[in-house]
Amino acid sequence: MTVENWPDYLKGMDGKLGKLRPEVPEIMKGFGAIAKSAISEGALDSKTKELMALAVGIAARCDGCLGYHTKAAIKYGATREEITETIGVAIYMGGGPSLMYGAEALAAFDAFSKQQANETL
């Protein structure tokens, strides 16, 4: 799927996830705990972990993963160069399909970076 507007896409996903949450509350609570624990600082910093999650999202061809993990990587200070190197690793591990999703991930980075810059103004 090609996402035209990454911030709007995530708003839509947030709404869908919000509708799912009360249907499977324990699963959502457990998934949230796993996510929080997995990304928390440890031997690896949170930015590195978000870049790893982005690479997996690219290789797994998960649109939501691209959006959420790109946005989080920016929050933790990821640069465009770090994103493109992450995309390169994902392409290496996932081949041609990851190349297509890598291009989507870079578009997401550009969109969220622009959004963050506009919010800072």
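Which residue does a disulfide join to Cys62? In this predicted model, the partner is Cys65, with an S to S distance of 2.4 Å.

**View 1. The disulfide between Cys62 and Cys65.** The count of disulfides in the model comes to one. A disulfide is a covalent bond between the sulfur atoms of two cysteines. The torsion about the S-S bond of Cys62 and Cys65 is about 70°, so this disulfide is right-handed. Cys62 has a relative accessibility of 27% and therefore counts as partly exposed. Cys65 is also partly exposed, at a relative accessible area of 24%.

**View 2. The largest nonpolar core, with 21 residues.** Trp6, Ile58, Leu66 and Ile83 are the members that touch the most other members of this core. At least two core residues come from each of the helices α1 (6-20), α3 (46-60), α4 (63-75) and α5. Helix α5 gives the most, with eight residues. In soluble globular proteins, nonpolar side chains tend to be buried together.

**View 3. The contacts of Ile58.** Leaving aside residues up to four places away in sequence, Ile58 touches Leu66, Ile87, Ala90, Ser98, Tyr101, Gly102 and Ala105. Of these, Leu66 is, like Ile58, among the core residues that touch the most other members.

**View 4. A nonpolar patch on the surface, formed by Val89, Tyr92 and Met93.** Together the three residues have about 400 Å² of accessible area. Val89 lies in helix α5, which spans residues 80-120.

Methods: Residues are numbered from 1 along each chain as its sequence is written. This is a predicted model: local features need pLDDT of at least 70, side-chain atom pairs count only at pLDDT 80 or more; totals for chains, interfaces and linings use all residues. Side-chain values use heavy atoms; hydrogens and water are left out. Patches are made of residues with over 30% relative accessible area and no salt bridge: like charges are joined within 9 Å, nonpolar side chains (Val, Leu, Ile, Met, Phe, Trp, Tyr) within 5 Å. Accessible areas come from the Shrake-Rupley method with a 1.4 Å probe; for residues, only the protein chains shown count as cover. A salt bridge is a side-chain nitrogen of Lys or Arg within 4 Å of a carboxyl oxygen of Asp or Glu. Helices (H or I, at least four residues) and strands (E, at least two) are DSSP runs, numbered from the N terminus. A disulfide is a pair of cysteine sulfur atoms within 2.5 Å. Buried means under 20% relative accessible area, exposed over 50%, partly exposed in between (1.4 Å probe, protein chains only). A nonpolar core is a set of buried Ala, Val, Leu, Ile, Met, Phe, Trp, Tyr and Cys residues joined through side-chain atoms within 4.5 Å. Contact means heavy atoms within 4.5 Å.
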